[in-house]
Amino acid sequence: MTLAHADTPPAGGAPVLQILVALGMFAAVFIPLAVFVVREAKGRETALGRLADFSARITGLPRWAPLPMAVAFASGMSALIGVYWDVPIHMELGRDEGPLANPSHYPIYFGLVGIFASGIISAALSVRDMPPGGLKIGPNLRIPRGSVLMMATGSVGLMGFPLDDLWHRLFGQDVTEWGPTHVLMICGGIIVVIGIQLLLAEARQITGDTKITRWLGVIAAGAWLMGTSAMLMEFDLGVPQFPMLAHVGLVALTTTWPMVVARAGFGPGGALITVAVLIVSRLVFVAVPFAQDFHVAVLLPCIAEAIIIEVVALFLRPGHAFGAVSGLAVGTLGMLAETGLSQWIMPDPWPTSMLVDTLVVGVLAGVAGGLIGAWQHQRITEIAHPQAVRPQGFRRRHALGLVGALGATAVLGFVVPPQDPEPGWTADIQLTESATGLHVERPDGAPERWVNATVKITPAEIAEDAVWLNGFSWQGGGFNSAPLIPLGDGAYRTSEPLPVFGNWKSGIRLHTSDRVLTMAPVYAPADPAANAPAIAAVDGPHPFIAEIDFLQRERKADTPAVLWSIAYLFVGGVFALAWALFAWLYASAAQPVRERSSATA
């Protein structure tokens, strides 16, 4: 049995040279962009200005809208192509040699740069044709609020890169999509869609409603569904590092929200179009990992939710009642449909034994998403048609949207955090050699050893309460997760052999209904860079440990707890500010004309 290679990838921050190269790439984009901003401010002709004028003539939109929206959309696609490529790489091959050693990081980086640039381009182009409700910047300049939100979300995403390196230096690498700084980057990239929707609503103040604005609105709603679904990728790939109910809550929330906006704004078929955007875009995103023979992220198609919302819309007009009833229907009928579909689509299906919990979480998250979607649609309508806005108090205009936002936060705050196993949980494992192993396209050259495992779990009842109980192996040149076969009396055996050689990490993985995520390690190589000892593949009792301690062996155990608290509070504060800015920009842009004029005079 061969242990890890002598030269293991670094488990902390990036090499200084790579940081300097990344800064150089950033400068290569933003120096020309700064020149463009200065020239536009002085009223001089620019190449981007000519292109913006051309796009304005083609679409009928003001010059500050179509080109920046196109740049933001293309940049978001680039970033998501990189993300869907990056996660399977880590899943099958482990951590990076450095940020620039991973080719998937380039489309992510330049995508986030482009998202930030799109907001700057919009603001620079807005010296003409500004709506009266533009955000006042200085004595003589107003810019679209949508461009501000696009710049802000791009800033959040870009902030994730240096913070990610700092995080690795302080806490070690976290090889998961949902690492705090990774979420900053991904969410910074996808939240730009909300800025695009706001920018489009402001453009409609000038152009009115046209066929182009109608279609752009529903496609943007589909892009929001497309983007938020990226946060479910680890579930889609079969390596979820968070509880199953987190998957349920996110599906209910992120389908109801954009579909309510789409159906209310577009009319019949709007919810179905969002699904079409989701499915077509997913085919684009998985093209690179498919071509390179990495695992491909499957998805719950959300067709049932779209049909449900289309039916609800036949009986209710757009508004909070429509959003709430849509969320209720999605949380019940939609989650029932997804439970059934997950049995043959998802690598880790939603167990029917969790159906009651699934429906409760689905309803709460769905109603929250419906209320947020209804609030956003109402603000978009008021922004696009400011003369039709009737004065109303804060409570009447925003209370239910706030309820939805707080409800979504509460639900996800409960279902997302995993729990650690109790002391004394063990798996008594007996290994037998397997003559053959699984087909692996990228072996690391080490002598192969594959084993079957018979597992006796103590206490036996924890396995009876299992959401998922799998034999699991990853990062050795491939990935595999397969359910254990029950033998009775608390005993199980693996349905597929486990690799216990080279850089593979294998174990028995258990997720329980009360959100305990735990692993009984069977084998892992020594990892000197991460200060992690080897785990030998031997018979006998293997204690269950917190799953994160095995899946993220690079995390530093000696970092003071106070630093962890400060870091999580900082990242949480960035998100809170981003969402507060989203709410304020929409609400302020949707103020009645008289109130807005007096407030910005």
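In this predicted model, strands S3 (residues 426–434) and S4 (residues 450–458) pair in the antiparallel sense over nine bridges. Strands (E, at least two residues) and helices (H or I, at least four) are DSSP runs, numbered from the N terminus. Two strands pair if DSSP finds at least two bridges between them. Leu431 has Ala453 in S4 as its bridge partner. S3 is also joined to strand S12 (residues 540–543) by four bridges, and these two run antiparallel. Here Asp428 stands opposite Pro541 of S12.

Residues are numbered from 1 along each chain as its sequence is written. Local features need pLDDT of at least 70, side-chain atom pairs count only at pLDDT 80 or more, totals for chains, interfaces and linings use all residues, and side-chain values use heavy atoms, without hydrogens and water.

An open sheet is formed by five strands in the order S6-S5-S10-S11-S13, with antiparallel pairing. Its edge strands, S6 (479–483) and S13 (545–546), each pair on one side only. Within this sheet, eight bridges join S5 (residues 466–474) to the antiparallel S10 (residues 505–512). Trp468 stands opposite His511 in S10.

Helices H4 (residues 105–125) and H5 (residues 145–171) pack at about 150°, with axes 7 Å apart. Axes are lines fitted to C-alpha atoms, for helices over the stretch in contact, and angles run from 0 to 180 degrees between N-to-C directions. H4 is therefore roughly antiparallel to H5 (an angle over 145 degrees). The contact (heavy atoms within 4.5 Å) includes Leu112 and Phe116 in H4 and Met150 and Leu158 in H5.

Terms used
Parallel < 35°, antiparallel > 145°, perpendicular 65-115°, else oblique.
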